[in-house]
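Morning, everyone. Please look at it on the screen first.

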Amino acid sequence: MLNFSNLTVRLGGRTILDRVSAALPPRAKVGLIGRNGAGKSTLMKVMIGSLEADEGELEKPRALRIGYIAQEAPSGTTTPIEAVLAADTERAALLAESESCHDDHDRLGEVYDRLLAIDAYTAPARASTILVGLGFDEEMQGRPLDSYSGGWKMRVALAALLFSNPDLLLLDEPSNHLDLEATLWLESFLKSYPGMIVIISHERDLLNNVVDHILHLEGGKTTLYTGGYDSFEKQRAERLAQLAAAKAAQDAQRAKLQDYIARNSARASTAKQAQSRAKALAKMQPIAAMAEDPTLSFDFPSPSDGLKPPLVTLDLAAVGYTPGHPILTRLNLRLDPDDRIALLGRNGNGKTTLARLLAAQLKPMEGSMAAAGKMRVGYFTQYQVEELDRDDTPLEHMTRLMKGATPGAVRAQLGRFGFSGDKATTKVGKLSGGERARLALALITRDAPHMLILDEPTNHLDVDAREALVQALNAYDGCVVVVSHDRHMIEMAADRLVLVDGGHAKEYGGSLEDYTDLILGKNQPRGDAAANGNGGNGGGKKDKKAAAQAREAAAALRKSVKTMEDRIAALTARRNEIDRAMFDPKQATPADAKRTMTELMKLRADVQAELDTVEAEWMEASEALEAAA
């Protein structure tokens, strides 16, 4: 249905696409992936026809209806429902004609027949269903577009595109302006979409659940894989292993040829053979190794001055922006140093408001908020990325904030996030969106905060960078609060879910899978069960009490495991100190240096015995925690 062969695109003297070819099957759902800057949007523009390739051909059916979102969001006094209905241009034209051709009965009959054929009279209901899925209730559907922010206007544009039902649906990061709930609905809609889809996305779950092919763009070339993202990763890992093996074999062969040439070139009897091997060596095409990618660098500095729990306690707190009109009320939450919390709920329900309260950017209107006096908080938002000075360099930004720090300390913090060498002195205006996001994360963590609050940190990051971010969060020794529509990130980095809904924020007792089922309508709880993840099983107070007790038991186990891990680390360090004193007295501590070898051996045995006991207890507690999860 869509084929391109030897497509080459050059922009500003740089080759973006280099003779790429692929044949996309009819009605396929294709995920177009690649690192930021690889040329995904460029290839999509060629498919749309807004960019012409320098070389090569794009083959597609002449009658193919292609749908994509224009760069400019809709605006004006038009309402969302009107904007979506207008996207079906044939329906709009037929309705207009039906009003003006009353005297031509034959034509009027044809118009009515066509309106019936395209199901025109159910269009308002279908348009409303799409808008509801993307977060617009009935009242919101009737408000003028100019009353909405840019992100909500882009949702209207997406709704209009989905409603138009093109043969080929082209989507470029459609979930960037969506919350988790709208992303889940979109995924469900795309699964059953009857036409062909090409989607640029960095959402691992969406790529696994919607697409049946992955078109990977790397180094200006494309490779088509069958299956979703996990299948692609497996197939690509196998290819990379084969590539590494081939490179190793080639390197060995190259070394062997070079050795032969060096030893035999000067001998008359073997000069010809040496020349022949030299020609073979010159013709050998080098197999490139996978390069290290600095854009995958995330390393959050952990606080060295750990604080005792709790870090933050909210007691019947209310918070908002206008006096007398709180957005959230009766907040009762406790955050400890080892917590990993994800805030769930639709956009507009107050997730960011709660995050700002925890970051001390807002004060409680009612109730109380107690926070550890020396607590440092790193708070990330998309606004920080947008507000970076484009004319300054990462080094200048960091130097300004780390007043009094040595140049080495400033560069070390930048290096944690991939800004070393020339990258540290590149103007922000020349950095990609993902690089600017990394810089913002580097800036907010410069003082090793005790708590990280991340509000949609993945919007500018590709799949590999998101995975690196998850790993960095898991290695970070502090409290994490995250707002994200990326399910993979929530599943991997959070162990507590807090649902922000209806003016409150409550612990969600179910799993993320339970919440996904709830949003998609597979699990419809009643009453307070929605806030506790009971799935509407009618358990009532008894189930809620049991869920609360289970959470308390799991929290106690987590703390116990963490305490044991700290004890194991301390005992291991002490055992190493004793070993150094026994085998290298010059490195012994003053106290150990005074001990005899017999005393050191007895001391080591005591430490090892305690270490064995704690490790056994840790193993038992870890298994209990895993069983309770």
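Glu90 has a relative accessibility of 33%, so Glu90 counts as partly exposed; buried means under 20% relative accessible area, exposed over 50%, and partly exposed is in between, with a 1.4 Å probe and protein chains only. This is a predicted model, where local features need pLDDT of at least 70 and side-chain atom pairs count only at pLDDT 80 or more, while totals for chains, interfaces and linings use all residues. Residues are numbered from 1 along each chain as its sequence is written, and side-chain values use heavy atoms, with hydrogens and water left out.

Which residue does Glu90 form a salt bridge with? The partner is Arg114, and the closest N and O atoms are 2.6 Å apart. A salt bridge here is a side-chain nitrogen of Lys or Arg within 4 Å of a carboxyl oxygen of Asp or Glu. Glu90 sits in helix α3, residues 89-100, and Arg114 in helix α4, residues 105-117, so the pair ties together parts 24 residues apart in sequence. Helices are DSSP runs of H or I with at least four residues, strands are runs of E with at least two, and both are numbered from the N terminus. Arg114 is also partly exposed, at 37% relative accessibility.

On to the loops. Asp299 and Arg416 meet through their side chains in a salt bridge, 3.1 Å from N to O. Asp299 is in the loop between α11 (271-283) and β10 (312-322), and Arg416 is in the loop between α15 (407-415) and α16, so this pair ties together parts 117 residues apart in sequence. Asp299 is partly exposed at 37%, and Arg416 is partly exposed at 29%.

Asp305 and Arg376 form another salt bridge, at 2.9 Å from N to O. Asp305 is in the loop between α11 and β10, and Arg376 is in the loop between β13 (366-371) and β14 (377-380), 71 residues apart.

How many salt bridges does the structure hold? The count is 30. Arg204, Asp230, Glu233 and Glu467 are linked in a network of them.

Last, the threonine. Is Thr445 buried or exposed? Thr445 counts as buried, because its relative accessibility is 1%. Thr445 lies in the loop between α16 (433-444) and β15 (451-455). Its side chain reaches the backbone oxygen of Ala442 at 3.4 Å. Leaving out residues up to four places away in sequence, Thr445 touches Phe300, Pro301, Gln413, Phe417 and Leu452, where contact means heavy atoms within 4.5 Å.

How values were computed: A polar contact is a pair of N or O atoms within 3.5 Å; within protein, one must be able to donate a hydrogen and the other to accept it, and residues adjacent in sequence count only if both atoms are side-chain atoms.
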